[in-house]
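Thanks for asking me to look this over.

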Amino acid sequence: MRIRAFLAAHVRFQLDPLGVELIRTPSYLLRQIEDTGRAEGDCDDVAVLGAALGMAAGIPARYVLVGLTPGDPFEHVYAELLTAWGPVDLDTTRPAQMPPGVEVVRTARREA
């Protein structure tokens, strides 16, 4: 839960520029946080950072892919940490990215 709280406090959701998929590495995001107190990124950036922080602490992680439109590619991703008490959802971008009432039509899980 500390990793989730860290992500929520220090990473602000920001969409990638239209037509461009930016991938910000965990080290890049952590440098931004160290330098300015905050980083910006979209769901895949937060997922990769969360998984990396969990794995650095010895906690296995996986990615959850989310589809919102049947037949379309997955549109959202977040990390889960696989703790002794069950999976911990690190999706701190969902409220900013997905408006209320959006229905998840499919999910898939992939090892980090």
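1. A network of salt bridges links Asp16, Arg24 and Asp45. Please keep in mind that this is a predicted model. Across the structure there are 6 salt bridges, and the points below walk through some of the others.

2. Glutamate 40 and arginine 12 form a salt bridge through their side chains, at 2.6 Å from N to O. Because glutamate 40 sits in strand E2 (residues 39-41) and arginine 12 in strand E1 (residues 11-13), the pair ties together parts 28 residues apart in sequence. Glutamate 40 has a relative accessible area of 32% and is partly exposed; arginine 12, at 41%, is partly exposed.

3. Now to arginine 109 and glutamate 80, whose side chains meet in a salt bridge of 3.5 Å, N to O. This pair links distant parts of the chain, 29 residues apart: arginine 109 belongs to strand E6 (residues 106-111) and glutamate 80 to strand E4 (residues 76-83). Is glutamate 80 buried or exposed? With 6% relative accessibility, glutamate 80 counts as buried, because the cut-off for buried is under 20%.

4. Aspartate 89 counts as partly exposed at 27% relative accessibility, and arginine 4 is partly exposed with a relative accessible area of 26%.

Conventions: Residues numbered from 1 in each chain as written. Predicted model: local features only at pLDDT ≥ 70, side-chain atom pairs only at ≥ 80, totals over all residues. Heavy atoms only, no water. Salt bridge = Lys/Arg side-chain N within 4 Å of Asp/Glu carboxyl O. Buried < 20%, exposed > 50% of the residue type's maximum accessible area, 1.4 Å probe, protein only. Helix = DSSP H or I, 4+ residues; strand = E, 2+ residues; numbered from the N terminus.
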